[in-house]
Amino acid sequence: MVSYKDLGLVNTREMFAKAIKGGYAIPAFNFNNMEQMQAIIQACVEASSPVILQVSSGARKYANHTYLLKLVEAAVKENPHIPMALHLDHGDTFELCKDCVDGGFTSVMIDGSHEDFENNIAVTKKVVDVANAFGIPVEAELGKVGGKEDDLEADVDTNTDPQEAKEFVERTGVSSLA
């Protein structure tokens, strides 16, 4: 297992706490290659801004986990003054989320919105249990947002029921909801 601390990354929980206290927002950008990474980091250096670097399932298929992680390592090495976090965006399986937890990510999103409510709870709880053992926050998703991301597509928005969201959070222990 690779620890995000060994990579010089910052946990998103710590990053958000500082942002809330300081009254500022943190940008989050998905990247797939070196050129995107360089542009993201250049902008963050110019703005003296922390950043959440996001990797989707599609990016991992395209560029490979190891190559993406090496880009992050290079960014941290070249810019140690910029707080950086590495987030799995819309992980759709337990195995993918676990692989990212084991591979140095500072937070993961399990998107079980394609599952029914009970199965979404089950997979999310399983991810939360693994990630919490390493102090890694987990984001989850209920409902569907219109649009397309990687292989996920929804024609219409489905509003999340507040009572369902409350039950979901209580039963899974998830850190945040999308």
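**View 1. Val 108 has Val 138 as its bridge partner in strand E5.** This is a predicted model, where local features need pLDDT of at least 70 and side-chain atom pairs count only at pLDDT 80 or more, while totals for chains, interfaces and linings use all residues. Residues are numbered from 1 along each chain as its sequence is written, and side-chain values use heavy atoms, with hydrogens and water left out. Strands here are DSSP runs of E with at least two residues, helices are runs of H or I with at least four, and both are numbered from the N terminus. E4 and E5 run parallel, joined by three bridges. On the E3 side, three bridges join E3 to E4, again parallel, and Gly 91 has Ile 110 as its bridge partner in E4.

**View 2. Here's the whole open sheet, six strands in the order E1-E2-E3-E4-E5-E8.** The pairing is parallel, and two strands count as a pair if DSSP finds at least two bridges between them. Which strands stand at the edges? They are E1 (28-30) and E8 (176-177); each has a single partner strand, so one side of each is left without a neighbour in the sheet.

**View 3. Zoom in on E4 to see where its side chains point.** In a regular strand the side chains alternate between the two faces of the sheet. Ser 107 and Met 109 point one way, Val 108 and Ile 110 the other, and all are buried. "Buried" means under 20% relative accessible area, "exposed" means over 50%, and "partly exposed" is in between, using a 1.4 Å probe and protein chains only. Helix H5 lies across E3 (84-91) and E4, running at about 175° to E4. That angle is taken between N-to-C directions on a scale from 0 to 180 degrees, with axes being lines fitted to C-alpha atoms, for helices over the stretch in contact.

**View 4. Meet helix H6, residues 117-132.** Its 16 residues reach 22 Å from first C-alpha to last, close to the 22 Å expected at 1.5 Å a residue; that expected span is 1.5 Å times one less than the number of residues. The buried residues of H6 include Ile 121, Val 123, Val 127 and Val 130. What do the buried residues of H6 pack against? Their neighbours are helix H5 (94-102), strand E4 (107-110), strand E5 (138-140) and helix H7 (162-172), where contact means heavy atoms within 4.5 Å. Lys 126 is also found in H6, but this one is partly exposed, at 44% relative accessible area. Lys 126 and Cys 97 are 29 residues apart in sequence and 9.9 Å apart in space, C-alpha to C-alpha.

**View 5. H6 and H7 pack side by side at an angle of about 35°.** Their axes are 9 Å apart. Among the residues that meet here are Phe 117, Ile 121 and Val 128 in H6, with Glu 164, Phe 168 and Arg 171 among those in H7.

View 6. Is Ser 48 buried or exposed? Ser 48 is exposed, with 62% relative accessible area. At 35% relative accessibility, Asn 64 counts as partly exposed.
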